[in-house]
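Here are my notes on the model, point by point. Please read them with the structure open.

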Amino acid sequence: SKIVERARVSTGASGSAIAFRGEHGTVCQVRSGEGAPELGAPVDTTSGLTKQCLDSGTSLLCNDIANDSRVDPEIVHAVGIRSVAVVPIYKEGEISGILEVFSRTAGKFTGEHLKVLEQLASSVGSASRTPREKPVSDPNRNVHADITLLLESEPAYRVFFRNLIDL
């Protein structure tokens with residue numbers, strides 16, 4: 001998927017993946033690069049950053065897996081990952097999965113990277129609508145709040161597009 005590739009490239013990650021919840025657990029559906037789980041591989045949601053992200057619905061950053069108690073140290077040695085960023089994917093107000101990037105370099109990801117990933121995850125969630133679903137316009141929405149949100153997102157988009165141009 002283009003989203004996973006964009007996530008990897010825009011953050012400088014060595015690998016990226018999207019995993020969705022389903023009747024057989026949370027499974028890797030799309031991947032790009034090195035260090036990402038194989039397609040169809042189950043994702044452990046019983047502990048660690050993935051569990052914390054899915055349970056809390058918040059984006060998480062780990063800049064040194066080797067020194068972070070939230071991560072199983074065996075994973076570090078098995079796949080050689082040092083940094084991880086994970087963001088939830090929402091569909092219809094519920095957490096349906098995660099978008100995750102990985103790096104072999106400690107300290108690779110920043111808060112700006114998380115903002116870019118959150119925007120990408122948002123597009124995944126909206127793109128996963130069934131064909132019969134249509135967005136509902138709210139005539140009472142706060143246009144000022146929409147504009148403010150757009151302006152606040154501008155720096156993250158600038159980083160995203162700058163990284164794409166640098167390819």
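1. The protein chain has five helices and five strands. Both are DSSP runs, numbered from the N terminus: helices are H or I with at least four residues, strands are E with at least two. Along the sequence the order is α-β-β-α-β-α-β-β-α-α.

2. A word on the basis. This is a predicted model, where local features need pLDDT of at least 70 and side-chain atom pairs count only at pLDDT 80 or more, while totals for chains, interfaces and linings use all residues. Residues are numbered from 1 along each chain as its sequence is written, and side-chain values use heavy atoms, with hydrogens and water left out.

3. Burial and surface. Of the 167 residues in the protein chain, 37% are buried. Buried means under 20% relative accessible area, exposed means over 50%, and partly exposed lies in between (1.4 Å probe, protein chains only). The accessible surface of the chain is about 9,700 Å², and carbon and sulfur atoms hold 53% of that. Areas come from the Shrake-Rupley method with a 1.4 Å probe; for residues, only the protein chains shown count as cover.

4. Contacts along the chain. Take contacts between residues at least 6 apart in sequence: 53% of them join residues at least 24 apart. A contact means heavy atoms within 4.5 Å.

5. Helix H2 covers residues 48-56. Its buried residues are Leu-49, Thr-50, Cys-53 and Leu-54. What do the buried residues of H2 pack against? They pack against strands S1 (15-22), S2 (25-33), S3 (60-62), S4 (83-91) and S5. Gly-57 follows H2, with a positive phi near 75 degrees.

6. Cysteines. Cys-53 counts as buried because its relative accessibility is 0%. Cys-62 is also buried, at 1%. A disulfide is a pair of cysteine sulfur atoms within 2.5 Å. By this rule the count is zero.

7. Ser-96 sits in strand S5 (residues 94-103). Is Ser-96 buried or exposed? Ser-96 is buried, since its relative accessible area is 17%. Leaving out residues up to four places away in sequence, Ser-96 touches Ala-19, Phe-20, Arg-21, Ile-89, Tyr-90 and Lys-91.

8. Ser-122 lies in helix H4 (residues 111-127). Ser-122 is partly exposed, at 46% relative accessibility. Ser-122 and Ile-89 are 33 residues apart in sequence, yet their C-alpha atoms are 6.4 Å apart in space.
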